Amino acid sequence: MKKRVLVGMAALLLSLSLLMAQEIPAGVITAFKRGSSQELSKYMGDKVNLVLQGRSTNVDKQKATAMMQDFFTENKVSGFNVNHQGKRDESSFVIGTLATTQGSFRVNCFLKKVQDKCLIHQIRIDKINE
């Protein structure tokens, strides 16, 4: 009986640590796959640094959502593949390739832990020379 309880506790601790180690919220990846600025805004912090094709602006969440909507309207998304993701301390990132009707873009999305949530503080999108 004790052995079964110990195995159960170990399994619970392992599953909890795996959940805690999840760097990037799945909704962020889904938002890029769908080209959905509304979905993406759910994960944005109050202030976001947007770097769209070399032009950098620091904007609030509402303006960042509108700018991403404009980007997705001009570049209809057909897919998003995660190339790399990682985590260090209270920060995490995802790097991926966004396939659109206007070509492919490299996406770098950086998140910070704020209270108990991972929130986007920077999105960088650059055209890939094909």
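Residues are numbered from 1 along each chain as its sequence is written, and side-chain values use heavy atoms, with hydrogens and water left out. Because the model is predicted, local features need pLDDT of at least 70 and side-chain atom pairs count only at pLDDT 80 or more, while totals for chains, interfaces and linings use all residues.

The protein holds four helices and six strands. These are DSSP runs numbered from the N terminus: helices are H or I of at least four residues, strands E of at least two. From the N terminus, the order of elements is α-α-α-β-β-α-β-β-β-β. Of the 130 residues, 38% are buried. Buried means under 20% relative accessible area, exposed over 50%, and partly exposed in between (1.4 Å probe, protein chains only).

The six strands form an open sheet with mixed pairing, in the order β2-β1-β6-β5-β4-β3. Two strands pair if DSSP finds at least two bridges between them. Strands β2 (55–60) and β3 each have a single partner strand, so one side of each lacks a neighbour in the sheet. From one strand to the next, the twist averages 20°. Strands β4 (residues 91–100) and β5 (residues 103–114) run antiparallel and are joined by ten bridges. Within this pairing, Thr100 is bridged to Gly103 of β5.

Helix α2 (residues 26–34) packs on the sheet and touches β3, β4, β5 and β6 (117–127). Its direction makes about 155° with that of β3. Helix α4 (residues 61–74) lies across β1 (44–52), β2, β3, β4, β5 and β6, at about 40° to β1. Axes are lines fitted to C-alpha atoms, for helices over the stretch in contact; angles run from 0 to 180 degrees between N-to-C directions. Contact means heavy atoms within 4.5 Å.

The largest nonpolar core has 27 residues. Such a core is a set of buried Ala, Val, Leu, Ile, Met, Phe, Trp, Tyr and Cys residues joined through side-chain atoms within 4.5 Å. Those with the most contacts inside this core are Val28, Phe32, Leu40, Met68, Leu98, Ile120 and Ile123. Two or more residues come from each of α2, β1, α4, β3, β4, β5 and β6. Leaving aside neighbours within four places in sequence, its contacts include Phe32, Phe72 and Leu98. Asn49, in strand β1, is also buried, at 14% relative accessibility.

By the rule for rings, the count is four aromatic pairs. Rings of Phe, Tyr and Trp (its six-membered ring) pair if their centres lie within 6.5 Å; planes under 30 degrees apart count as stacked, over 60 as edge-to-face and the rest as tilted. The rings of Phe32 and Phe72 are edge-to-face, with centres 6.5 Å apart and planes at 80°. This pair links helix α2 to helix α4, 40 residues apart. Phe32 is buried at 0% relative accessible area, and Phe72 at 6%. Phe71 and Phe105 also pair edge-to-face, 5.1 Å centre to centre and 80° between the planes. Phe71 sits in helix α4 and Phe105 in strand β5, 34 residues apart. Phe32, Phe71, Phe72, Phe80 and Phe105 form one aromatic cluster.
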